Amino acid sequence: MKGRDWKEYDELNVNMGPQHPSTHGVLRLLLKTDGEIVKEAIPHIGYLHRSIEKIAEKISYTQFIPYTDRLDYLAAMNNNLAYTLTVEKLMGIEVPERAQYIRVIMAELNRIASHLVAIGTFGLDLGVVTPFFYAFREREYILDLFEMCCGARLTYNYMRIGGVANDLPPGFMDRLKDFLDYFVPRVEEYNQLMSFNKIFIERTAGIGVLPADVAKNYGVTGPNLRGSGVKWDLRKNLPYCIYPRFEFNIPVGTGMVGKVGDSWDRYWVRVQEMLESVKIIRQAMEQIPGGDIRAKLPRLIKPPVGEVFFRAENPRGELGFYIISDGSPSPYRLKIRAPSFCNLSVFEEISRDWMIADLVAILGSLDIVLGEIDR
Amino acid sequence: MEFSRIVDLIREKIPQAIIEVNEKAIDPFVKIRPDHLNAVARLLKGEEEIGMDMLLSISGVDYPESITVVYHIFSIKNNHSLVLKVDLPRDNPKVDTVENVWKAANWHERETYDLFGVVFEGHPDLRRILLPDDWEGHPLRKDYKYPPTYHGLTL
């Protein structure tokens, strides 16, 4: 080492992952580092590739619903919903009123559950351990509610083409109301522990700024796009289901503690969205009518020849399905436009010249799920 | 903006680009000549009135007579969408990249290359994305044969 200046040392390539606690799954980041500074971070994906799109070409439309559970496994209800809505758009199916309301309640509950994991693990990445347990405690209530409806706690397979699998079980509404009453004050706890914690703000404010035009250019959607100050939510702007009947706000990043579009803004949008989801569920609980929970359809679903593209607002962004039907019982081609896929592609751009520790914050704030990236 | 108005604008600016227009489909689409793809993409993004600022997805489709690449594009500013299609020959599918128009195309084109073997000319880093680098063949093609083994492991 004697006689060598520090400037002579080359850049060091470091593999972060595929097995790493803060990559949120099996993701490998190839880091070109100059000391602690990351000059380039190249994501390598595909470790979880299960060729779901190829499988879809061999099975029936109904059989594919459980596969959608395994895309974004933290928001299986939303995946179910997006897929069934796509097939319904292709076939022109009217879904009964009651089923529509049940679907919205489930989707919004799952949005809360998914955001809770996002917030909890984001804290965990940065060293705030306690909120993680709090978030999982609240999520447990939601999983119990889902278990009442469909028996599953992660991969629900609850929605059906034309409606939902089962009606709400007795006592569900009371427990749901109890949960909402319990949940809203808890958000204040997260804010005290995390959101406005000085150390947390120092770690996230102004870190990994994602400008709005870059976000659009990379196809970033969901809370990450809204964190950059773009007021865009499919539930409001291109409404589907019965969302126009509900009043709710679209939270956007304002750069309250740093710059617009920083990691804190993306986090804060999620916190606020949970409260908006509570609003939607409360309204849906008041309005829900009785009646059928599934449209009358033949056992074997055979959509007409044609093709359709549909996207829905998932907790992580816009999940799109592109289905081409040749009139047979299985799709000719089924393409999944996964929100996390696009959200991760911007990572290389916004992670340049930050410290390795900041990289963890940026990745955590993007909130990716590898299940839908690799498919 | 109306779908027909967008089509008229493309016709006006790049007369030879359009092969087929289908307005009756659930999502109306425009089929364009592969060599005009990049120019059309630039027009759609650059023209103030159209302002397609987002590329949602690129999907390959393997038809018996062609490999079709489908582009779903969207404008947040004007809240309208468009579907573009290009037909490529099955034996040598090649088309210009749109990565220089929408950055989102980078990963989507890599995926289409990986699973369909479509070569996007001018792409800065065209390599496999989901499958291992040494994988042979393009699995989403209809005539794909599954390999019996991979590195000595039975599949």
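Which residue of S3(A) does A:Asp34 stand opposite? The residue is A:Ile37, and the strands concerned belong to a predicted model, in which local features need pLDDT of at least 70, side-chain atom pairs count only at pLDDT 80 or more, and totals for chains, interfaces and linings use all residues. Residues are numbered from 1 along each chain as its sequence is written, while chains are lettered from A and ligands numbered from 1 in the order in which they are written. Helices (H or I, at least four residues) and strands (E, at least two) are DSSP runs, numbered from the N terminus.

**The sheet of chain A**

- Strands S1, S2 and S3 of chain A form an open sheet in the order S1-S2-S3, with antiparallel pairing, where two strands pair if DSSP finds at least two bridges between them.
- Strand S1 (12-16) and strand S3 (37-44) of chain A stand at the edges with a single partner strand each, so one side of each is left without a neighbour in the sheet.
- Neighbouring strands of this sheet are turned by 25 degrees against each other on average, direction ignored, with axes taken as lines fitted to C-alpha atoms, for helices over the stretch in contact, and angles running from 0 to 180 degrees between N-to-C directions.
- Strand S2 (residues 28-34) of chain A is joined to S3(A) by 7 bridges, and the two run antiparallel.

**Buried parts of chain A**

- Helix H14 (residues 356-366) of chain A is mostly covered, with 9 of its 11 residues buried; a residue is buried if 20 or more other C-beta atoms, placed from the backbone, lie within 10 Å of its own, exposed if 12 or fewer, and partly exposed in between.
- The buried residues of H14(A) include A:Asp358, A:Val360 and A:Leu366, and just after this helix A:Asp367 takes a positive phi of about 55 degrees.
- A:Phe341, which lies in helix H12 of chain A, counts as buried because it has 26 C-beta neighbours inside 10 Å.
- Leaving aside neighbours within four places in sequence, A:Phe341 is in contact with A:Glu372, A:Ile373 and B:Trp107, contact meaning that the C-beta atoms of two residues, placed from the backbone, lie within 7 Å.

**Where chains A and B touch**

- In chain A, 29 residues are in contact with 25 residues of chain B.
- The largest share of the side of chain A that touches chain B, 4 residues, comes from S6(A).
- By class, that side of chain A has 11 nonpolar, 9 polar and 9 charged residues, with Ala, Val, Leu, Ile, Met, Phe, Trp, Tyr, Cys and Pro counted as nonpolar, Asp, Glu, Lys and Arg as charged, and the others, Gly among them, as polar.

**Chain B**

- Chain B contains 3 helices and 9 strands, and 39% of its 155 residues count as buried.
- An open sheet of 5 strands in chain B has the order S1-S2-S5-S4-S3, with mixed pairing.
- S3(B) and strand S4 (residues 67-75) of chain B pair in the antiparallel sense over 8 bridges, and B:Val61 stands opposite B:Thr68 in S4(B).
- Helix H1 (residues 3-13) of chain B lies across S1, strand S2 (29-32) and strand S5 (80-88) of that chain, running at about 170 degrees to S1(B).
- Helix H2 (residues 37-46) of chain B packs on the sheet, touching S2, S4 and S5 of chain B, and its direction makes about 175 degrees with that of S5(B).
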